[in-house]
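Please read it with the structure open.

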Amino acid sequence: MLKYVIKRILISIPLMIAVVLVVFLMLQVLPGNPVSVMMGEKASPDVIERVTEQMGLNDPVWERFIDYLVNAVQGDLGTSYKLSRPISDLIADSFPNTVKLAITSALVSWIIGVFAGIISAIKKDTLLDRFLMGFSLVGISLPVFWGAMLLQFIFGYTLGWLPISGYSTPAHMILPAVILGWTSSGTIARLTRSSLLGIMENDYIRTARAKGLDESLVVVKHGLKNAMIPVVTMMAMQFASLLSGAVITESVFGIGGIGVLMVSAVNTRDMPLLQGSVIFSTMIIIIGNLVADILYSFLDPKIREQ
Amino acid sequence: MNSKKLNRAADLAAEKIAGGFSMEGTDWIPEGATQPAKVEAEAESEIAPDETIGEQIKSMFKHNKLALVSAILIVLFILVTVFAPIVAPHDPYVQDLTQRLQGPSAEHLLGTDNYGRDVLSRMLYGGRVSLLVGIFPTIISMTIGTALGLIAGFYGGKIDSIIMRLADVLMAFPSLLLAMLISYTLGNGLLTIFMALSVVSWAGTARVVRSEVLSLREKEYVEAATSIGVKRGTIIRRHILPNCVPTLIVLFTMNVPGNILTESSLSFLGIGAQPPSTSWGLMVYESKQYLQMTPVSTLAPGITILLLVVAFNFLGDALRDKLDPSLKN
């Protein structure tokens, strides 16, 4: 078990370095001179040359990459072109907002997803099952920006119950959490349903029923306990993905998180900021998947024994 | 639903009998258990999967009305957008500021936008973009993924680990972020999104095809073919690839809606389609500030995306249950 965990962590390290390398190559090497990209076509060649030299961009690519990597490990992701602040500070400012949104929307997603999945599995092939699975599929298929707008229109403009933009009070979080939670809940609901149905076909479930155990006890004590293993793993991965920044939801509701930071970096052509925030975001996903994997091996007794 | 369940049970039964090799539909359930010899004989002789897949899909549509409705809806969407120049009631680019922000009327069924352009006509033209970006990059990325998956699975060794590690790296990125990175480098626009989606999403296909190849490689008929000296290319073409077709059909149907959503999200962020050309995502973005004045024309493009994606997802689910239940997790 411990060996597996260590091995799994060691495998992730080259993956992380590769991710940094991919982002680095895409932003700094492919398009030619990043300074001219950043400053636009109007900048004079002299200025571009001076800035390039200042930023150390005339050094060989490998040297720059190693420098970047060494600094990144120490938490230094460089300085934003446009905002002239350390990128790690900008991330530290916006990350709490992303965390707030991630926690609230994950709660919505998990509550809807798990309940819908369990009810669907118990009431398999009934109208309720079809309705819940339809609801989940619509959630998966929903363009988030549009669903978000619709909620703003109904609950913000028309009914006036909730604020439509910003992130200062808990009430501001309700609409974004609902839309992001709903679109994320579909995967959980479908997985919970299929996992529970798979488990309920096992012999030990039949034994439990034959003992005369109450059906709800059979489902909860024998079924759910095992059916939730893959679901919990999926939840961990989903939470990581929410933590990595909800680009669209944050943009529509004006929540100053990591997602908005990335979009503004694209729009203002702030290369170091885009580079730093994308790397930060992807690291969260890799770590999340790592945690999910370890969690899975820990929860599943069949693997844990090995 | 019951018939669907029955179909799956039949598939699973067939799978067990044929040793994980399921090509037959429901028609032979009753005598299925007594017919393993027939299945094996079939596996060893020529396989004609195209025909059987066609039959399987036909029987799926017969039993699953939701899938049928979804397929009809998708075909309809494709037809009206392909024939947009004929179907569209107005020129989607002609501005008429005296007619701006009108509600639905006989002249403009879905009203007009900020520049007085007909929303229905713009949606028909915008749909071309959404479908084009949904379908073609999926084909390109799946072709790349299939080729790399075949190579990785069949040749193994170093080349396998190189391809799969590359896939790992790509899959670590959320696709929206990768597309944003690529568009930062190559500039905003549809062509960029087209390229980004084509290049980015091959990894998933490669993984699935590779694992398919790994299990097929152990089959007796492949071993037999290898032992009598059939060339690798021929084995891949005649024995491996045809068996991957059902999986590829399912993957295709499930990848298209993802690409449609990514395109609309990027266009909504202003990174995708650029005005005056249009796409459904861009239309939602352009009209969002007029939501209160003209709710119909603002909400219409979003509903269309939702409908199309739901249809693809329903169809994908049905195809998966029918052709390759193992993809479920």
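1. Conventions. This is a predicted model, in which local features need pLDDT of at least 70 and side-chain atom pairs count only at pLDDT 80 or more, while totals for chains, interfaces and linings use all residues. Residues are numbered from 1 along each chain as its sequence is written, chains are lettered from A and ligands numbered from 1 in the order in which they are written, and side-chain values use heavy atoms, with hydrogens and water left out.

2. Fold of chain A. Chain A has 14 helices and zero strands (DSSP runs numbered from the N terminus: helices are H or I with at least four residues, strands E with at least two). Its C-alpha atoms fill a box of roughly 85 × 55 × 30 Å along the principal axes. Of the 306 residues in chain A, 47% are buried (under 20% relative accessible area; exposed is over 50% and partly exposed lies in between, with a 1.4 Å probe and protein chains only). Among the contacts in chain A with a separation of 6 or more, 71% join residues 24 or more positions apart (contact means heavy atoms within 4.5 Å).

3. Extent of the interface. Contacts between the chains involve 45 residues of chain A and 42 residues of chain B. About 3,900 Å² is buried between them, and carbon and sulfur atoms give 79% of that area (the accessible area, 1.4 Å probe, that two parts lose on being put together, summed over both). In chain A, the residues losing the most area to chain B are Phe145(A), Trp146(A) and Met149(A), together 17% of what that side buries.

4. Which residue of chain B forms a salt bridge with Arg190(A)? The partner is Asp317(B), with the closest N and O atoms 2.9 Å apart. The side of chain A that touches chain B has 34 nonpolar, five polar and six charged residues (Ala, Val, Leu, Ile, Met, Phe, Trp, Tyr, Cys and Pro count as nonpolar, Asp, Glu, Lys and Arg as charged, and the others, Gly among them, as polar).

5. Aromatic rings. The count is 12 aromatic pairs over all chains (rings of Phe, Tyr and Trp, the last by its six-membered ring, with centres within 6.5 Å; planes under 30 degrees apart are stacked, over 60 edge-to-face, the rest tilted). The rings of Phe155(A) and Trp161(A) have centres 6.0 Å apart and planes at 40°, so the pair is tilted. Phe155(A) is partly exposed at 25% relative accessibility, whereas Trp161(A) is exposed at 61%. In chain B, the rings of Phe154(B) and Tyr155(B) have centres 6.1 Å apart and planes at 75°, so this pair is edge-to-face. Phe154(B) is buried at 9% and Tyr155(B) partly exposed at 42%. Phe24(A), Trp62(A), Phe65(A) and Tyr68(A) form one aromatic cluster.

6. Thr304(B) lies in helix α15 (residues 295–323) and is buried at 9% relative accessibility. Leaving out residues up to four places away in sequence, Thr304(B) touches Phe77(B), Met123(B) and Trp280(B). Ser70(B), in helix α5 (residues 65–82), is buried at 5%.

Definitions and conventions: A salt bridge is a side-chain nitrogen of Lys or Arg within 4 Å of a carboxyl oxygen of Asp or Glu.
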